[in-house]
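Dear colleague,

I am passing on the structure below, and would be glad if you could look through it alongside my notes. The notes begin with the pockets and then turn to the fold as a whole and to one residue.

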Amino acid sequence: MTSKDIRKKYLEFFKKEGHAIIPSAPLIPENDPTTLFTSSGMQPLVPFLMGEPHPAGKRLVNSQRSFRAEDIEETGDNRHTTFFEMLGNWSLGDYFKKEQLPWFFEFLTKEVGLDPNKLYVTVFAGDELANVEKDDEAVSIWKESFSKVGIDAKLVDIGSTENGSSSGMQGGRIFSYNAKKNWWSRSGTPDKMPVGEIGGPDSEVFYDFGTLHDVSFGKECHPNCDCGRFIEIGNSVFMEYRRTEKGFERLPQRNVDFGGGLERTLAAALNTSDIFTTDLFFPAIKYIENQSGKKYEGDLKSAMRIIVDHMRASTQMISDGVLPSNSDQGYILRRLIRRAVRYADKLGLSQGTLSTIVPLVIAPFEGVYDEVLRQKDLESTVIATEETRFRETLSRG
C-alpha cells in the first residue's frame, strides 16, 4: 500500500458518508497573523467551527499539508516529522461521537485493513477547570465497536494521575487520560487557553507494533508511552467549548474535528514502526545510502531521517513562496536547510548533494500537489544556494 492509496481511500470513504472534499489550504496561513504555518487541518476552518456557514456544507474532508516547527528537535526518531499530511474530517454542527468513532474504526479495519487486535484507544477522564465530566459516552461507543469484531474492550482509568502516565496496560483496550493527554485546543490544556479559544475533549487511536518496551521511557508501557511500541494514528476532537472570562461555555454548535497522520496510518498499514521506510521517504533514504556509502542503521538512521524530512519540508515551503531569510517563515526554512547541511556533513555527503534529493522527496506528490513538482528547479536552486552561503559563513568562522 502506498501513500496515494491511503489518501484516496480516506477521501472516498468520507465522501461516501456525505462529506464534501475540500482542497488543502496553503502551507502559509491566509489572513492569520497569529501563526507562521498551517499546522493542522482545523486551523483554516476555525471560523466555521465557531458557527460561520461553510460554502461546501456541514460535512467536510481533506488531506491538509501541515508543518510544525516545534517538532524539529524530535525529528530523527521513527515517527516524528516537521512536514506531514493530516487527514481530516469535520462535522460543523451535524453528526457527533456516535457517528465519528465507528466511522474511523471502520475505515481503519475495513478500508486500510488494520488488525483490530492491534488498535488501542484513549478517552478524556474529565477536568475540573473546564467543568467537563469524564467521557463515558465515548467509552460506551468504543466498547460496542470492539465487541463487533469479537474484542472485549476493558477500560483502564488512569486519568487522575498528575502527568497522565499509566502504571501499565493492565489488560485494557480503552484508556482514560487527563487533560494533558486527551483535551485538544491550539493552546493546549484548558488552563492554557486564552479567552475566545475553542477546544474540547478528544479520543485518540493508537496502533500497537508489538515491539519490546524500552524501560528508559518508564517501567510500564501504555498507549501514550514514547518508547515506539505505540503510534498515534488519529484523534477525534469533540469541539464544543469556548473559554470565556467566566469560564467555559458551550459553542452554538457541537463539532467534530478529526486529524490523522497520513504517514503514520501508512506505516500502520504496512506494519512498520518506522515511517521512513514508506514510499514517502525511503527512495531518498536509499539515495543517501548510495551517495554516502553508509547504511541506514544504528545511529546513522537519525541523520538520514532528518535530512529527508528537512528536504521535504523545504521544498513544500519554497513551492508556497518562502525563501530563506532571517525572519518569520524564511528563518525556519533557513534553519531547516542549514540543519540538513550539518547532518549531511556527519554522513560525509559531498557539497551539493542536498539539492539532488529534491526530485525524490517530491515524486510521491505527483498528481496530488503538482505545483510542488512544477517548481522543482526553483526548489533545487534555493537549497543549493543556501547551502553555499552557509558554508561560506562557516569558513569565515
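The second largest pocket holds about 380 Å³ of space, where a pocket is an open set of points on a 1 Å grid over the protein atoms alone at which a 1.4 Å probe fits, with protein on both sides within 12 Å along at least five of seven lines, and where the volume is the space filled by probe spheres set on the points, which are joined across faces, edges and corners. Its lining numbers 22 residues, with Ala25, Glu30, Gln43, Pro44 and Leu45 nearest the centre; lining residues are those with an atom within 4 Å of a point. Helix H2 (46-49) and strand E2 (59-67) are the elements that each give two or more residues to this lining, helices (H or I, at least four residues) and strands (E, at least two) being DSSP runs numbered from the N terminus.

This is a predicted model, in which local features need pLDDT of at least 70 and side-chain atom pairs count only at pLDDT 80 or more, while totals for chains, interfaces and linings use all residues. Residues are numbered from 1 along each chain as its sequence is written, and side-chain values use heavy atoms, with hydrogens and water left out.

The largest pocket has about 1,500 Å³ of space, and among its 49 lining residues Arg68, Asp71, Trp184, Glu204 and Glu232 are the closest to its centre. Several elements give two or more residues to this lining, including strand E8 (198-208), strand E10 (247-261) and helix H6 (262-269), but the largest share, seven residues, comes from E9.

As for the fold, the protein has 13 helices and 10 strands, and its C-alpha trace spans about 60 × 45 × 40 Å along the principal axes. Of the 397 residues, 57% count as buried (under 20% relative accessible area, with a 1.4 Å probe and protein chains only). Among contacts (heavy atoms within 4.5 Å) between residues at least 6 apart in sequence, 67% join residues at least 24 apart.

Finally, proline 201 lies in strand E8 and counts as buried because its relative accessibility is 3%. Leaving aside residues up to four places away in sequence, proline 201 touches Phe124, Asn182, Trp183, Ser236, Val237, Phe238 and Tyr241. Threonine 109 is 92 residues from proline 201 along the chain, and their C-alpha atoms are separated by 24 Å.

With best regards

Key
Buried means under 20% relative accessible area, exposed over 50%, partly exposed in between (1.4 Å probe, protein chains only).
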